[in-house]
Amino acid sequence: MKRFTSDSIARQMTPRRDGGEVMLDGAIETVSVLKADHISKSFGAVPVLFSVSMDIRPGEVHALIGENGAGKSTLMKILSGFHAPTSGRILFDGVEVVLPPDGEAEKLGIVLIHQELNLAEQMTVEENIFLGRELTSRGILQRDEMREKVRGYLSDIGVDISPSTRISELSIAEKQMVEVAKAISRNARVLIMDEPTAVLTEAETELFFRQVERLKSKGVAIVFVSHKLSEVKQIADRVTILRDGQWIGSQEAKALTPDAMAQMMVGRELSDLYPPMHEADVDAERVLEVRNLCVTGIQDVSFDLRKGEILGFSGLIGSGRTAVFEAICGLAPVVSGQILIDGTETRFDSVAASRDAGLAYLTKDRKAKGLLLKKQMRPNLTLFSLPKFTRRFGLDTAAEDKALERAIRRFDIRTRDPKIVVGDMSGGNQQKLLLAKVMESEPRIVIIDEPTRGIDVGTKQQIYHFIAALAAEGVSVVIISSEMPEIIGISHRVVVMREGQVMGVLSGDEINENEIVRYAAGLKRESRG
Amino acid sequence: MSDVAANNTTKDKRMRFDIKTAGPAIALILLCIIGFLLNPAFLSEGNLTNLLTRSAFIGIIAVGATFVITAGGIDLSVGSMAAAIAGVMIIIMNSAMETLGPGVATVLLGGGCSILLGLGAGWINGVLTTKGKIEAFIVTLGTMGIYRSLVTYFADGGTLSLDFAIRGTYRPVYYGSILGLPAPVWVFIVVSICGWFLMNRTAFGRYCTAIGSNESVAKYSAIKVDRIKTMTYVIQGLCVSLATIIYVPRLGSASASTGVMWELEAIAAVIIGGTVLKGGYGRIGGTILGALILTTIGNILNFTDLISNYLNGTMQGLIIIIAVWLQRGEWGKAKATKS
């Protein structure tokens with residue numbers, strides 16, 4: 001180790017792969033192609049990773065798992081050079097390197113495929129794959145040659161797409177395959193993928209796994225993040241588990257059951273995090289009843305919500321939970337079915353109408369759909385319920401200021417300066433502001449989609465306690481969440497959805513990870529009478 | 001690290017903010033000083049009233065354009081719309097002569113029709129962009145061509161002239177003055193105040209800003225996005241019709257060359273005033289200053305032989321580019337990296 005650090009100073013600036021001494025080091029570092037050694041990372045004063053290690057070997061599939069906010073994305077970005085570690089070393093072929101930023105690491109053969117794929121929609125497959133390094137001869141594009149090569153890459157991974165197809169005409173799964181082909185064309189040695197299967201159907205996932213096997217046999221190292229533990233078990237050779245930025249372990253996938261993985265992921269004492277639950281009043285009146293609701297992608301969804309109840313909605317990403325509630329709140333058209341509020345049938349044609357009826361939907365996408373990032377807190381806070389702040393002709397700015405003061409106190413929003421632009425606030429404070437914004441309309445039914453996405457544990461706890469308090473006051477709350485412990489920790493009842501359908505409704509002792517997973521994976525389905 | 005960065009950006013923003021708000025005012029004052037130095041007659045009462053009257057047309061239209069642009073849209077059809085409305089107004093008034101006579105009633109009828117036409121034309125632009133889901137640029141490029149050719153058609157390729165008897169009645173709307181200020185200036189003032197209040201003190205203005213900043217957020221915040229966007233085009237149409245009402249008595253005629261380039265001057269005034277072209281941040285006060293700046297440049301060139309009056313467009317073009325460059329705050333960043 002010591003010899004290494006003395007060497008490292010000289011090598012810090014330029015990555016080198018060859019040289020005699022490296023052979024010696026290589027022997028020490030065994031066969032890793034890429035290795036993170038005690039990596040820590042802080043954003044400002046907020047630590048995200050604490051001394052995390054992970055080694056990636058050629059020809060292996062290495063799964064990276066952990067709850068949301070465990071630091072998986074950060075680690076992936078460090079491994080591909082998008083972030084620089086605050087401390088710790090990165091070894092590439094056994095040599096300590098400083099990875100070049102902004103995706104330049106692709107030249108070394110380390111390719112990160114983002115969850116939101118990075119393709120030019122209006123260009124063809126061929127143009128995308130050669131983007132930025134087109135083959136030319138005296139300044140003229142060699143289209144035939146490029147097309148042939150692309151055809152080769154695509155058949156390599158067994159995909160049947162024409163190189164001259166526009167990206168916009170492809171399905172998400174096909175787009176992902178184009179990304180993989182692009183990585184291969186760049187001679188990727190390490191392929192890092194952020195939740196590649198989150199948006200794929202089961203059949204597409206199978207096809208994708210076959211391609212992963214092919215890449216693996218070519219000696220490519222594949223790192224992937226997934227929340228679907230059964231998939232991890234199926235495809236991964238080794239698994240690294242992160243929890244709250246800490247390295248929990250790296251183990252052979254064979255030795256782990258999905259349950260064991262989940263336990264290592266969650267680990268912490270949940271009783272601290274979640275508030276004591278009030279008994280749900282089973283006789284309370286039904287405030288929202290949904291009967292046989294059909295929306296695009298949703299079939300025949302029925303459930304009801306009682307006064308003061310916290311109803312969890314669980315299921316995989318893409319199981320249609322958000323679509324159900326966007327339709328109920330007037331954000332998307334309802335195809336058929338009944339929606340009853342307090343027993344009377346209703347159909348909202350606008351969000352304003354559903355707000356006036358006491359419904360409020362809090363989006364999971366706070367940056368793109370929730371808050372105006374370039375504006376200050378005040379206009380953001382009152383935007384959803386602005387009619388309330390209108391006095392005769394104009395806006396009552398004094399009332400707005402008072403509302404902001406109240407919201408800051410009630411939701412414990414911490415900022416140095418109340419005039420700060422919302423985009424500069426931390427994720428946790430943004431989420432609190434979004435909650436405050438929605439609560440400003442004084443809803444009777446609140447639908448919170450992913451209440452704690454991308455925020456730290458402390459803020460999570462505050463939000464859980466707030467939700468519990470709301471329910472105790474008689475507000476009915478729907479929680480849509482992909483975080484299992486969260487659903488289990490705060491819901492009175494849990495509705496599990498899969499592929500646009502309700503698989504079952506759980507209550508009491510049935511609410512446990514095992515049961516939810518069985519319904520969400522389609523292994524079990526409630527027979528409905 | 002990010003704390004430091006955040007501090008820097010807030011500081012930067014404050015600097016840029018100052019330039020954004022005070023910039024147009026400083027520019028206008030500088031122009032006035034330059035004008036005065038070149039020719040002291042620039043600040044004479046006669047010239048100043050002339051300048052204000054001239055800027056009223058573009059100014060009124062630009063107030064409407066501020067709403068459209070703030071909500072993330074654009075309206076290229078305003079110049080053609082003004083010409084078309086002027087043409088139709090003249091035809092209506094001329095034909096009403098026989099029944100209503102050349103009196104106030106005919107002029108009121110013409111004005112009323114102008115307002116209805118403006119509202120209608122704006123509504124068409126709005127509905128095509130929102131319900132038709134066609135880009136505003138394309139829709140208004142289309143209506144720009146349609147309205148322009150309609151005037152040419154109505155005038156049979158020539159000029160539509162208002163009956164001389166009606167001109168006598170209508171004349172004071174442009175040439176008359178109240179309390180020492182010409183009538184068009186009063187209209188400009190009233191439109192400006194209404195526009196400022198609407199933008200800064202009502203939910204509607206807040207909604208425009210929200211839609212221009214991020215349409216999805218607006219939609220999820222219970223804002224009726226389509227309705228508000230359509231409203232901005234309707235307001236734009238109303239402003240165009242008001243500008244036309246005070247413009248017609250000036251020449252008493254309309255032709256294919258009426259209102260040419262007004263759309264670009266209006267957009268220029270809005271941008272010089274600090275409103276962001278891609279939406280989300282609108283300043284009525286800035287727009288008014290922007291309109292005054294544009295007119296002042298032309299006026300100064302008229303007054304001096306230093307630069308040919310034919311280079312008016314060049315000067316305006318330079319001012320627009322410089323104004324936007326200053327707002328970007330690029331010069332500040334450049335300085336920072338140098339030091």
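Which residues of helix 6 of chain A are buried? They are Lys175(A), Gln176(A), Met177(A), Val178(A), Glu179(A), Val180(A), Ala181(A), Lys182(A), Ala183(A) and Ile184(A). Here a residue is buried if 20 or more other C-beta atoms lie within 10 Å of its own, exposed if 12 or fewer, and partly exposed in between, with C-beta atoms placed from the backbone.

Before going further, a word on what you are looking at. This is a predicted model, in which local features need pLDDT of at least 70 and side-chain atom pairs count only at pLDDT 80 or more, while totals for chains, interfaces and linings use all residues. Residues are numbered from 1 along each chain as its sequence is written, and chains are lettered from A and ligands numbered from 1 in the order in which they are written. Helices (H or I, at least four residues) and strands (E, at least two) are DSSP runs, numbered from the N terminus.

Back to helix 6 of chain A, residues 172–185. Ten of its 14 residues are buried, so the helix is mostly covered. Its buried residues pack against strand 6 (110–113), helix 4 (125–129), helix 5 (143–156), strand 9 (190–193) and helix 7 (202–217) of chain A; contact means that the C-beta atoms of two residues, placed from the backbone, lie within 7 Å. The expected span of a helix is 1.5 Å times one less than its number of residues; for helix 6 of chain A that gives 20 Å, and the end C-alpha atoms are 20 Å apart, which agrees. After the helix comes Asn187(A), with a positive phi near 55°.

Let's step back to the whole of chain A. An automatic or database domain assignment supplies the domain bounds: domain 1 (2–109 + 187–267), domain 2 (119–176), domain 3 (269–358 + 444–524) and domain 4 (373–442). Between the C-alpha centres of domain 2 and domain 3 of chain A there are 43 Å.

Now for the sheets. Strands of a sheet pair through backbone hydrogen bonds, either parallel or antiparallel; two strands count as paired if DSSP finds at least two bridges between them. One open sheet of chain A has six strands in the order 18-21-22-15-23-24, with mixed pairing. Strand 18 (359–362) and strand 24 (501–507) of chain A each have a single partner strand, so one side of each is left without a neighbour in the sheet. On average, neighbouring strands of this sheet are turned by 15° against each other, direction ignored. Strand 23 (residues 493–498) and strand 24 of chain A are antiparallel and share six bridges, and Val494(A) stands opposite Leu506(A) in strand 24. Helix 19 (residues 513–520) of chain A packs on this sheet and touches strand 15 (310–314), strand 23 and strand 24; its direction makes about 30° with that of strand 23. For such angles, axes are lines fitted to C-alpha atoms, for helices over the stretch in contact, and values run from 0 to 180 degrees between N-to-C directions.

Another open sheet of chain A has four strands, ordered 14-13-16-17, with antiparallel pairing. Strand 14 (298–306) and strand 17 (344–345) of chain A are its edge strands, each pairing on one side only. Five bridges join strand 13 (residues 286–295) to strand 16 (residues 336–341) of chain A, where Cys294(A) stands opposite Ser336(A). Strand 16 and strand 17 of chain A pair over two bridges, and Leu340(A) stands opposite Glu345(A). Their hairpin has two residues between the strands, and Asp342(A) takes a positive phi near 50° there.

Over in chain B, helix 8 (residues 183–201) and helix 13 (residues 284–303) pack at an angle of about 150°, with their axes 9 Å apart. The contact is made by Ser192(B), Gly195(B), Trp196(B) and Met199(B) of helix 8 and Ile284(B), Gly285(B) and Ile288(B) of helix 13. Helix 11 of chain B is mostly covered, with 23 of its 27 residues buried. Just after helix 11 of chain B, Gly252(B) has a positive phi of about 70°.

Finally, the two chains meet: 26 residues of chain A are in contact with 21 residues of chain B. On the chain A side, helix 12 (351–356), helix 13 (366–370), helix 14 (377–383) and strand 20 (394–395) each give two or more residues.
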